[in-house]
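Subject: Structure handover and notes

Hello,

Here is the structure for your files. My notes on it follow below.

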Amino acid sequence: MEKVTPRFMRNSAGLGGNLLMTPRNHVPSDIVTLLLIVDSLVNLMNGLKSEEITMEEFLRRLETDSKSILLQIEIVKNNVVVKAVYVDDIPSPTNCLHGAFIFSTKPLAQLKGIKLKPKLVADGVNAVISFKAIPRKNVGIKTGFGPEPLFADDFTRCNGQYVALVVADIQKHVDKAADLTMVDYDMENGTTHFICRRGYQEF
């Protein structure tokens with residue numbers, strides 16, 4: 001690897017990004033060339049199904065396949081299999097907290113509150129951050145049309161708006177907490193409970 005690219009580039013670019021960049025930008029890649037020579041195999045996840053394909057087939061699919069997730073690369077040469085599990089370009093530092101956004105599932109609804117089950121706190125959840133925790137203005141971005149809020153305040157503006165951020169010690173705990181966090185909406189005909197969809201961000 002050191003003969004292919006300098007260390008500062010390896011610290012800012014990953015194997016997955018290198019593979020994706022090659023066919024889409026028509027950029028030659030020494031890494032891809034090496035993987036082709038050693039008859040490497042690619043493991044992908046598409047929805048609930050996983051499959052194993054050759055590197056040649058993977059490169060052919062890249063221009064049309066936008067839904068598959070790269071899981072790992074296997075190098076098969078001389079009856080020896082070497083597996084490189086693709087987890088992340090940059091490993092998590094020590095004592096890193098993980099976060100998962102809670103999204104609104106109802107537009108133009110009054111936001112009454114967010115409920116986190118007591119068991120989730122015992123599982124490593126540190127906090128649930130909403131607009132009430134922001135010390136100054138609840139501003140996520142400023143555009144030519146004016147400021148946009150970071151989180152929904154008393155009312156949600158649209159479906160999919162950020163409502164809160166759950167913070168936990170590891171990604172497994174924060175994913176579980178985000179799936180089970182309850183958001184109370186006060187609808188015109190009464191209060192309805194919804195399980196929120198989630199996304200995640202590591203920081």
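How many residues apart do R60 and E57 lie in helix α4? They are three residues apart, about one turn of the helix. Helices (H or I, at least four residues) and strands (E, at least two) are DSSP runs, numbered from the N terminus.

Two notes on sources. This is a predicted model, in which local features need pLDDT of at least 70 and side-chain atom pairs count only at pLDDT 80 or more, while totals for chains, interfaces and linings use all residues. Residues are numbered from 1 along each chain as its sequence is written, and side-chain values use heavy atoms, with hydrogens and water left out.

Salt bridges

Side chains of opposite charge can pair when their charged atoms come close. The term salt bridge is used here for a side-chain nitrogen of Lys or Arg within 4 Å of a carboxyl oxygen of Asp or Glu. By that criterion the structure holds five salt bridges. Three of them are described here, beginning with the pair from the question above.

R60 and E57 form a salt bridge in which the closest N and O atoms are 2.9 Å apart. For accessibility, buried means under 20% relative accessible area, exposed over 50%, and partly exposed in between (1.4 Å probe, protein chains only). R60 has 57% relative accessibility and so counts as exposed. E57, at 26%, counts as partly exposed.

R61 and E51 also meet through their side chains in a salt bridge, at 2.7 Å from N to O. This pair links distant parts of the chain: R61 belongs to helix α4 (residues 55-61) and E51 to strand β2 (residues 49-54), 10 residues apart. Both ends are partly exposed, with a relative accessible area of 23% for R61 and 29% for E51. Taken together, E51, E57, R60 and R61 are linked in a network of salt bridges.

The side chains of K115 and D184 meet in a further salt bridge, at 3.5 Å from N to O. Here too the pair links distant parts of the chain, with K115 in strand β6 (residues 110-115) and D184 in strand β11 (residues 182-187), 69 residues apart. K115 is partly exposed at 45% relative accessibility, whereas D184 is buried at 9%.

Around T181

T181 sits in the loop between α6 (171-180) and β11. Is T181 buried or exposed? Its relative accessibility is 0%, so T181 counts as buried. The side chain of T181 reaches the backbone oxygen of A177 at 2.5 Å. This is a polar contact, meaning a pair of N or O atoms within 3.5 Å; within protein, one must be able to donate a hydrogen and the other to accept it, and residues adjacent in sequence count only if both atoms are side-chain atoms. T181 and K115 are 66 residues apart in sequence, yet 6.0 Å apart in space, C-alpha to C-alpha.

Aromatic pairs

Rings of Phe, Tyr and Trp (its six-membered ring) pair if their centres lie within 6.5 Å; planes under 30 degrees apart count as stacked, over 60 as edge-to-face and the rest as tilted. The count by this rule is two aromatic pairs. In one, the ring centres of F101 and Y162 are 4.2 Å apart and the planes are at 15°, so the pair is stacked. F101 lies in strand β5 and Y162 in strand β10 (residues 162-168), so this pair ties together parts that are 61 residues apart in sequence. F101 is buried, with a relative accessible area of 17%, and Y162 is partly exposed at 31%.

In the other, the ring centres of F103 and Y162 are 5.3 Å apart with planes at 35°, so the pair is tilted. F103 lies in strand β5 and Y162 in strand β10, so parts that are 59 residues apart in sequence are tied together. F103 is buried, with a relative accessible area of 19%. F101, F103 and Y162 form one aromatic cluster.

Positive phi

D39 is not a glycine, although its phi is positive at about 55°. D39 is in the loop between α3 (30-37) and β1 (41-46), and is partly exposed with a relative accessible area of 45%. L108, also not a glycine, has a positive phi of about 50°. L108 is in the loop between β5 (98-103) and β6, and counts as exposed at 71% relative accessibility.

Regards
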